[in-house]
Amino acid sequence: MSVLPPEIHTALSDLLRGLQSPDNVQRTAAEERLNKEWVGERPDVLLMGLSEQIQLAQETSTRNFAAVIFRRQSSKPRKAANGQTKDLFLTLPDAERDAIRAKLIQCLASETDSSVRAKIGDAVAELARQHTDENVPWPELLGALFHASQSGDAGQRETAFRIFSTTPGIIEKQHEDVVMGAFKAGFGDSETSVRISAVEAFASFFSSINKKAQPKYFALIPEILNILPPIKEAQDGDMLTKALVSLIDLAEVAPKMFKPLFNSLVQFSVSVIQDKDLGETPRQNALELMATFADCAPQMCRKDPNFTNDMVTQCLSLMTDVGADDDDAEEWNEMEDLDQDESDSNHVAGEQCMDRLANKLGGGAILPPTFNWLPRMMTSSAWRDRHAALMAISAISEGCRDLMVGELDKVLDLVLPALRDPHPRVRWAGCNAIGQMSTDFAGTMQEKYHQVVLPNIIPVLESAEARVQAHAAAALVNFCEEAEKNILEPYLDPLLNQLLMLLQSPKRFVQEQALSTIATVADSAEAAFSKYYDTLMPLLFNVLQEEQSKEYRLLRAKAMECATLIALAVGRERMGQDAINLVLLLGRIQNSVVDADDPQASYLLHCWGRMARVLGQEFVPYLAGVIPPLTELAGAKADIQLFEDEDQVAQYQDEEGWELVPLKGKMIGIRTSTLDDKHMAIELIVIYAQVLEGAFEPYVNDIMDKIALPGLAFFFHDPVRVASAKCVPQLLNAYKKAHGPESTQLGQLWERTVERVLEVLSTEPAIDTLAEMYQCFYECVEVIGKNSLTSTHMATFIESAKSVLQDYQTRVKERLEEQAENDDGEEVSEDVLFAIEDDQNLLSDMNKAFHTIFKNMGATFLPHWETLMEFYDAAVINRDPTQRQWAICIFDDVLEFSGPLSWNYSQHIIQPLIDGMQDDVPANRQAAVYGIGVAAQKGGDAWSEFVAASLPTLFQVIQRPNARADDDVFATENACASISKILAFNPGKVPNWQDYTTAWVDTLPVTNDEEAAPFAYAFLAQLIEQQNPAVVNQAVKCFQAVVQALEAETLQGQTATRVVTATKALAQAASLNVAQATAGLTPEQQQTVQAYFA
């Protein structure tokens, strides 16, 4: 029975018909009426009316549509009586809410049509979400859903679980026995559809509860897994897919709960992957489930007796499912669209799974079963087997790098013959393997194997098939990107001759790839490319000067890229007038770009950046044409859309350049392609500011205020914030170069910049990006220089640092708790390792920020700095070496930049320095011994006794085993420099000064640390000038130590001049036999002797 009068329902029925009208005018008018007359003026009547339409309308389509409109309108934002914005339903008076909720529950229980019931369920789930999010009670709902889950009608039972699945929050707070009972009943239901809905609901519920509550539900896993075999036997691929997707969700959250039955699940999944009658989707989902376990529980997978062998076998089998009905690859070779999406193909699924298995399980697990198959597959008469074997090598090389790198010759023995295979797709796969290996084994591939790789792949550029030619050229990009110019030089003639031939290809995609490869070769070969300039540049000018139709735009864009990379390689002088002509040509092309989808526009932006680097200050006249389109892109706002219905979501779900984010029951669409362009444009602005410095001044104010500073808080896209953080200090520097460091103009710009930069130190949510913000801050302070911060600025900095350190301590604590729960032998997950690395980078950049403030503000920073003492004291005794290093480095800054005032903190600093000198972590020893040195140099009398007493420990640092090994040498050389500072600045406090000085000479040379060397060698020069016996009696040792430092270039400038003069005097005074003194030196060091002492 209706509680609303008939005229309301008449108007509402008319509204619903209008909203569904195919006539745009009628539909728009109905939407206006809905928003103005109903939502705006009487939302309670609208929602009650819709709920009655759902209950009473005769036509199924009307009930269906009314439920859809109810769901959408109930969640519209609206201001409540208290002024807060809430979902529309929650702004209604209590009585109306009660009545509408009761009506919906009635509709859910009485509706017999399954499609309408599903839509009512969606509407109920939306209301449930609103109540759960806002913590508003709806006690009747849970009882109604539990009742429905036990109904005699299977449709009712399924709907109840669907609502649980959509809004798991409504059962989160229930007693686990009640929840367990409901799910057990669902898993044991007689209807497959109900069982699957129950599994989906459980996966959603389990993912929403906290980690400590999860183990209570592990016991349900056997009942879930028992659902699977009957579905497979019934060959119901759709239902099996739904079940597997839910299991994937569960495996991501708590893989270990499957441990007791893991082997059975592996065997079942393998049987699904093998079953070709099931269709591709369930087979690939079974593969995805196993790959998810590899991602989330690699140790469990390695321990299983079947997992690795069976998964490798199944992946390789799927990878042979390629080129159906195209045995001779004729169709494949005729295909012009090389970016065709094949992500849903079996062979791609197999390749991607192999890649994940290799990355997560490592070479030790993956290589034996893989190479059990590969030699046989490579000699198979079936081309698909050979193709799969080569693609497998491409897939596993990154993950198995550490073990494969020592066996590259054997792997290349398998791959290189494939470049001459009779089948084009096998040759293509061979090129793919070479390209991937060139990246994954970068350095080794190029240095050790260029003589076998390049002579084998360059001839493939002559292949009859265009796609093979293009892929060989693409593989050469990967090889050449990582190759030194001396390696490439001998191959430039044959390589460029073949690439020039490809420029004549009738296939445009081959020409485009050839241009990309030539550009990469030029970039790597640098000046050696000059020989080919006169051949190539005229060809490129021709391409750029020709008026071309739309389909040739990308080719011209690649030609621009190639020409400007060649310009960078050969330099301004070699180009002559061509440099200016190329810029003018780029300008003409820019003026011809009118279509939004023209690829030349984005290529042009990069080309201008390269030409700015080539021309330097000569580029300034062209900025007026270059900067406006760049700042337009860089200033773009985020393109965000709210999608309310499934059709819109489906339309954008798979569209490239969009990212969909769920938010309060709706879907937000963000156009990422716009954001990528914005990021790239800001990065290019950084290049202009770096290269042009003061000449960029006319653009600085506008870019700072409209792009760079707002970009620091552009939370839609991390890379935009990072690029903005790089941009701000470069803009300040450009302004400083133009106006001077003390100018009013720079002061005004800094005043409005520093507030925004400090603000983001407290608001940045991403840890890796926060590190970039600290870098932005200290680079800005470095640009502005002395006295750049007010007391308020420093207080704000410390407040944000305190918050960051508290958050860091929380993250460390959570990681330690999680680690304690791991099984013995289980390695730390990759996500955790990345998180640790992000935190280490953050601490490092915070350190540099403290250092820069102390350097520029001196002792005025101390009152602010000391408020964080509890953090430093906790860090120096932490078992985490990164934290110890962080604190010691900050204490070093206090010693270095606050002079004698640092003694006020001696009770906090002395013990960490003593412990640090004996730390087994080289970086911590280095920080501690450096601190001893600056205390001696800058700390004054108060520190002199402590530093003098540290001498024996410093000598112990130098005498440690492996003291000169790569990891330890910087600590050793810093100890040498610190001893010299103590002996130079505190001689009165050092007993047996002469003995220590004689022993110190033996700690030389300093050939790695450019900061430590000047102190050590200045002290050496002082000793020589004083004709101290320590040097006179060890003249050969001193001479050799000086030569070694000069050759290593740690000794430079005025210090080098002084030391060389003193050493010549020493050699003369000690009647040094230079021939004997240089006998043990390297040829390079002997050349240094000739240069300085001949």
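**Getting to know this predicted model**

The end C-alpha atoms of residues 30-110 sit 30 Å apart, and that span is 69% helix and 7% strand; helices (H or I, at least four residues) and strands (E, at least two) are DSSP runs numbered from the N terminus. This is a predicted model, where local features need pLDDT of at least 70 and side-chain atom pairs count only at pLDDT 80 or more, while totals for chains, interfaces and linings use all residues. Residues are numbered from 1 along each chain as its sequence is written, and side-chain values use heavy atoms, leaving out hydrogens and water.

Q: Is Arg-117 buried or exposed?
A: Arg-117 is found in helix H6 (residues 114-133). Its relative accessible area is 6%, and buried means under 20%, exposed over 50%, partly exposed in between (1.4 Å probe, protein chains only). So Arg-117 is buried.

Q: Which residues is Arg-117 in contact with, leaving aside neighbours within four places in sequence?
A: Contact means heavy atoms within 4.5 Å. By that rule, the partners of Arg-117 are Leu-108, Glu-111, Thr-112, Asp-153, Gly-155, Gln-156 and Thr-159.

Q: How many of the 17 residues of H16 are buried?
A: Helix H16 covers residues 280-296. Its buried residues include Pro-282, Leu-287 and Phe-293. H16 is mostly covered, and the buried count is 12.

Q: Which helices do the buried residues of H16 pack against?
A: Among the buried residues of H16 are Leu-289 and Met-290. The helices that the buried residues of H16 pack against are H14 (237-253), H15 (262-274), H17 (298-303), H18 (307-319) and H20 (346-361).

Note on methods:
The expected span of a helix is 1.5 Å times one less than its number of residues.
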